[in-house]
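Good morning, everyone. Please look at the screen, and I will walk you through one protein chain.

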Amino acid sequence: MAGKLAKAKSTIKDVKTYWKVPPKGRYMTFKEIGAYAFGGIGAYFLIQLGSTLIVSTTNIIVSTAIGVSPSHSYIIYLIATILNVPLTAVRANMVDNTRGKGGKYRPYLLSMGIPTAVVALIYVWFPYELMYSMFPGKVMGYEKGYWIKLIVVFICNLALHFFFFFFKDAYENLIHVLSPNTQERTDVLAIKAVVYSLAPSIMNFVNPLIAQITKTDQSNILVYRIAYPIYAVIGIGLTIIVFANTQEKIVQAKTHTIQIRFMDALKEVAKNKYFWIIALAGWLGFLELAYYNILYYNQNYGKTVDPAVYGTAWIIIGNASFWGMIAAPFFVKRFGKKTVLVAVNLMNVVCILLMLINVKSFWWLVFCIWLNYLFSAFEQITTPAIQADIRDYQQYKSGERIDGMFAAVATIGNLVTLFTAAVIPAFQEKYGIYEGNGYEKSFDILFVDTGEPGLLWKFLPALIIMCAVGAFLNVVPYFFYDFNEKKQKSIIRVLKVRSLFEDYSNNALENAQIVEAIELVDNARKMADETPKTLDKSSYKSLKGEDRKAAKKQYKDDIAFNEEIDISKFVCEELDKFDSDLGKHKIEVYTDIFNQGCDYIKTIDLKNTLQELKEAQALPKDTPEQKAFRKFRIQLVKDNRAARKAYDKFYGTVNEFKSPDMDELIALFDKEDELDKQIFEAAKNKSDKAAAKALTEQKKETQKEAKALMDEFARFNRAAKPYNDAKKFLTQYENYSHFDEIEALYADAKAQEEAETAEKEPAEEVTE
């Protein structure tokens, strides 16, 4: 008891100490973690609204409550998915080029969350029933009221494709930029998942309860008309907490200006092999999602239990997620994200197949789904953590923090699923679930008392087998995922080194940054020369008691020691890359390009580049060094060709070929930030509406000017890419040569940093 009390006191003390200051080695304060997690309840109310209303082949509300047939749902899904491709591209470009103190994702929590709620309410409150009496008659074999219903569902669905997916990405991806520490991200994801799971748990309990009170069932639109406005208000209110109390922290030079052309970002992401592994897993697992509806089919159409019991069952099922989320960080730390992800996905297959034992038993299905939720909860932590890791990898490879474009490339998967998703409607139609099957709603054929006798109990086993196949396909791509925690740590350290030198060249270094980077480099130089420890589990397995405990701890310390050696070697490779044969070759090539200036682009002969490309592709590739050299030569030729084509298109002999003024762009950004402050102050003074309106118009004009100048930058950067790459490489080469100068600043920076930290830390409590 005394031990538990001491632990509780220690926890309370930690919360007080790190409420506004993050613990050493971490980046998020307890206040920030609490806001992200607690506010997540509201975010997930909105996410649940959107996800339950987005048209898909497994959507229950659209097919049963609103009454759209499975085949027509698929057509709407098909059209909306195609139209969503350009919408996703717009969202991606907005995120990747978002600038300002708000960050990449925070600004969209409210600007996209509120429209999501509004569209969802229109979706369920539209008077679909009245359309049949207001517009009698038929068109193409269907009543006019039904056609109006399809049009409204399509428009609302398309609006959600933009607003809802934008909002969901903003909240879910926010963790990617709240901390560069992969274990911290995993820990926070677990806390967030435990807390936000209250939202779907509440909805799963309240919806059937409302159905019982109103003497209807969950296939009645009245349930959602009552519940969804409540969820929307709570959702927006709690999302504001996330917006107001979080701060993005990307490992990037403070002076780095984001200028990402859409096609360039698209190409960079397309070359990220880890992205394709994660995406492929999602595309192949489309069938698995149908298992979420199995319990609903059993209760609603099988009449196995009343709605209140159904709601209680989902509370019990939700409890499984709690335990899975709590355990996930421990298992991730012990075994790594890949191992955990593969294991839980295989267990999901087993859990789904277990349902076949007794599909008529409501409580047996509850048990199987409880187990599935237990294992799926691990995936809710590991998947977003992996998504964050591969974005770190993308930043390391491309030099830019490309986040939104991942969603744009993922739309390729949406096109793939246009065909795979047709499997479910075809499967349902095979069992008589289609518009015009003789029932008021197509799914009514499943009712055990008024539908086709025995059909439900034939339909469910077949659906379960299909879900199990989807669950297995989902796990296969993860066997090829090898971006482990050690590689992620290595990359983050390299990004810190790069940002150090970039900020130094722009006189923007801070004391804490100098101290962290110098200590990082010194440690890397030291550890890279160390000899790895010999690892042998038998060193502790034969021991007992305290001796075993001490030996096991030493074994773990040796593992960490060896890992630190590998990470340090990776950092040293970055620091010494200019001394390698490839580095020297790049210096020679880029120096020649840089000395010619932008005129280099004019000397590129498109016909000659075809021969140059063949020669580059014919270079040897037997060793890693040869592969790297060959890759550089091929990419250089491709960049030359693309640059010359862009130059001919945008400049030629008409426009002057020179870089736009960066100072002018930064001035416009600063002006926009200042106008934001003035608009906020004017908004607080409600009597000054005219001033607020004028400032808003001024901001729009400023944004318009900035957008035009950014477009000009995009055109120039596209046409001058080889020159820009040369300048960037040689600047980094120059910056890296100043390490001794930065190291000389260490002593003063360390002293000032310690003084600053001491001021922030709360005073120790005096005990008598």
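Let's start with Glu516. At 36% relative accessibility, Glu516 counts as partly exposed. Here are the cut-offs: buried is under 20% relative accessible area, exposed is over 50%, and partly exposed is in between, with a 1.4 Å probe and protein chains only. Before going on, note that this is a predicted model, where local features need pLDDT of at least 70, side-chain atom pairs count only at pLDDT 80 or more, and totals for chains, interfaces and linings use all residues. Residues are numbered from 1 along each chain as its sequence is written, and side-chain values use heavy atoms, with hydrogens and water left out.

Back to Glu516. Which side chain does Glu516 meet in a salt bridge? Lys496, at 2.5 Å from N to O. The two sit in distant parts of the chain: Glu516 in helix α22, Lys496 in helix α21, 20 residues apart. A salt bridge here is a side-chain nitrogen of Lys or Arg within 4 Å of a carboxyl oxygen of Asp or Glu. Helices are DSSP runs of H or I with at least four residues, strands are runs of E with at least two, and both are numbered from the N terminus. Lys496 counts as buried, because its relative accessibility is 15%. Why can such pairs form? Side chains of opposite charge can pair when their charged atoms come close.

Now zoom out. The protein chain holds 33 helices and two strands. It has 768 residues, and buried residues make up 48% of them. What about contacts, meaning heavy atoms within 4.5 Å? Take those in the chain with a separation of 6 or more: 81% are between residues 24 or more positions apart. The accessible surface comes to about 37300 Å², and carbon and sulfur atoms account for 60% of that. Accessible areas come from the Shrake-Rupley method with a 1.4 Å probe; for residues, only the protein chains shown count as cover.

Next, helix α24. It runs over residues 545-575, which is 31 residues. How far apart should its ends be? At 1.5 Å a residue, the span should be 45 Å, and the end C-alpha atoms are 45 Å apart, so the two agree. The expected span is 1.5 Å times one less than the number of residues.

Which residues of α24 are buried? Among them are Ala551, Tyr555, Asn562, Ile565, Val571 and Leu575. Cys572 is another: it counts as buried because its relative accessibility is 8%. What covers the buried residues of α24 includes α21 (485-505), α22 (511-528), α23 (538-541) and α31 (721-736).

Lys489 forms a salt bridge with Glu563, and the closest N and O atoms are 3.0 Å apart. Lys489 lies in α21 and Glu563 in α24, so this pair ties together parts that are 74 residues apart in sequence. Lys489 is partly exposed at 33%, and Glu563 is partly exposed at 24%.

Another salt bridge joins Asp557 and Lys553, at 3.1 Å from N to O. Those two are four residues apart in α24, so about one helical turn separates them. Asp557 is partly exposed at 36%, while Lys553 is exposed at 53%.

How many salt bridges does the structure hold? The count is 21. Some join into a network: Arg185, Lys337, Asp389, Asp392 and Glu485 are linked that way.

And disulfides, meaning pairs of cysteine sulfur atoms within 2.5 Å? The structure holds zero. Take Cys368: the nearest cysteine sulfur, on Cys351, is 7.2 Å away. Cys368 is buried, because its relative accessibility is 0%.

Now the surface. A nonpolar patch of about 800 Å² is made by Leu346, Leu353, Leu356, Ile465, Val469, Phe472, Leu473, Phe479 and Phe480. Patches use residues with over 30% relative accessible area and no salt bridge; like charges are joined within 9 Å, and nonpolar side chains (Val, Leu, Ile, Met, Phe, Trp, Tyr) within 5 Å. Both α16 (337-354) and α20 (455-475) supply at least two residues each. Which helix gives the most? α20, with four residues. Leu473 is found in α20, and Leu473 is partly exposed at 30%.

Last stop: Asp748, in helix α33 (residues 746-760). Asp748 is exposed, with a relative accessible area of 55%. Asp748 and Asn511 are 237 residues apart along the chain, yet their C-alpha atoms are separated by 8.3 Å.

Key. Contact = heavy atoms within 4.5 Å. Disulfide = S-S within 2.5 Å.
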